[in-house]
Amino acid sequence: MRHVLGPLLVILAGLVAWEALHLGVANSSLPSPLETLRQMGVLLGDPTFWKQAGQTFYAFAVAVVLSTAAGITLGVLLGMKRLAGEVAEPILVNLYSLPKVTLYPLVLLIFGLGISARIAFGIMHGLIPLTLFTMNAILQLKPVYRRSAAVMGLTSWQTAVSVILPAILPQVITGARLGVSLCLLGVLIGEMFASRNGLGYMVTHAMERGDMPTVLAVALLIAIVALVANGLLLALDRSRRPS
């Protein structure tokens, strides 16, 4: 009950603040929560919206699967070799600090204007955080885990799969939660800058028309999807902890 009450109070406070801001600006540039929910209902009944959402969530799902698999694999490979991890960490941190939107023209040159560019841009956002979380978790792992694996005669692959990954799973899930949100952000930015379909394009097109209820309704739906995905990963993390 305590886990539900806190988020509900935050949502309620957010709605009250939203309504107060709507009344404060007193114009149509910021629709009220009720107007936004009404527009959300209209969108959910529109087949065109589902077609656009399907494009976005397909790119998002592929980006999450590929960035998660690559991020965990790269993090394990770098973490198992301490020297490689210590050399790679500052390089990855500096790469991640680059404003990735400046690299999007290069992504477009490589992948074209299709859905591949949006998937690649989503992976660029989600890959490095998960790699860093996984690598640092292994570097900080107690040596007893590797010594036990060596005593049992496990190969490097068996050690990684049956000893290391189970031991660092909470940190991997935390990195995955961050990576999922960033993948969605990357896909949406890609759609907003160079696409003719997807929810990001839909938001940009609505902004050009001054259709703020649609902008906020789509943004709210995207936020709900991100919160649900994050909540599922959080529940997975909690289910593995001893009660």
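Figure 1. The structure shown, here and in the following figures, is a predicted model. The side chain of Arg82 meets that of Glu86 in a salt bridge, with an N to O distance of 3.8 Å. Glu86 is likewise partly exposed, at 44% relative accessibility. Both residues belong to helix H4, where they stand four residues apart, so about one helical turn separates them. Side chains of opposite charge can pair when their charged atoms come close.

Figure 2. Arg118 and Glu191 are both buried. The count of salt bridges in the model comes to three.

**Figure 3. The nonpolar surface patch that includes Leu95.** Six residues, Leu83, Val87, Ile91, Leu95, Leu98 and Leu103, form a nonpolar patch on the surface. Together they present about 530 Å² of accessible area. Leu95 is located in helix H4, which covers residues 82-97. With a relative accessible area of 44%, Leu95 is partly exposed.

**Figure 4. The buried residues of helix H9.** Helix H9 spans residues 199-209, and its buried residues are Leu199, Gly200, Tyr201, Met202, Val203 and Ala206. These buried residues pack against four helices: H2 (33-44), H3 (47-80), H8 and H10 (212-239).

**Figure 5. The surroundings of Ala206.** Ala206 is situated in helix H9. Its relative accessible area is 0%, and Ala206 is therefore buried. When neighbours within four places in sequence are set aside, Ala206 is in contact with Asp211, Thr214 and Val215. The C-alpha atom of Ala206 is separated by 9.8 Å from that of Val218, a residue 12 positions away along the chain.

**Figure 6. The residues that follow helix H9.** Gly210 comes after H9 and has a positive phi, near 75°. A salt bridge links Asp211 with Arg209, whose closest N and O atoms are 3.5 Å apart.

**Figure 7. The whole protein, as context for the close-up views.** The protein contains 10 helices and zero strands, and its elements follow the order α-α-α-α-α-α-α-α-α-α from the N terminus. The C-alpha trace spans about 70 × 50 × 30 Å along its principal axes. Of the 243 residues, 37% are buried. Among contacts with a separation of 6 or more, 74% are between residues 24 or more positions apart. The protein exposes about 13,800 Å², of which carbon and sulfur atoms supply 72%.

Technical notes
Residues are numbered from 1 along each chain as its sequence is written. This is a predicted model: local features need pLDDT of at least 70, side-chain atom pairs count only at pLDDT 80 or more; totals for chains, interfaces and linings use all residues. Side-chain values use heavy atoms; hydrogens and water are left out. Patches are made of residues with over 30% relative accessible area and no salt bridge: like charges are joined within 9 Å, nonpolar side chains (Val, Leu, Ile, Met, Phe, Trp, Tyr) within 5 Å. Accessible areas come from the Shrake-Rupley method with a 1.4 Å probe; for residues, only the protein chains shown count as cover. A salt bridge is a side-chain nitrogen of Lys or Arg within 4 Å of a carboxyl oxygen of Asp or Glu. Helices (H or I, at least four residues) and strands (E, at least two) are DSSP runs, numbered from the N terminus. Buried means under 20% relative accessible area, exposed over 50%, partly exposed in between (1.4 Å probe, protein chains only). Contact means heavy atoms within 4.5 Å.
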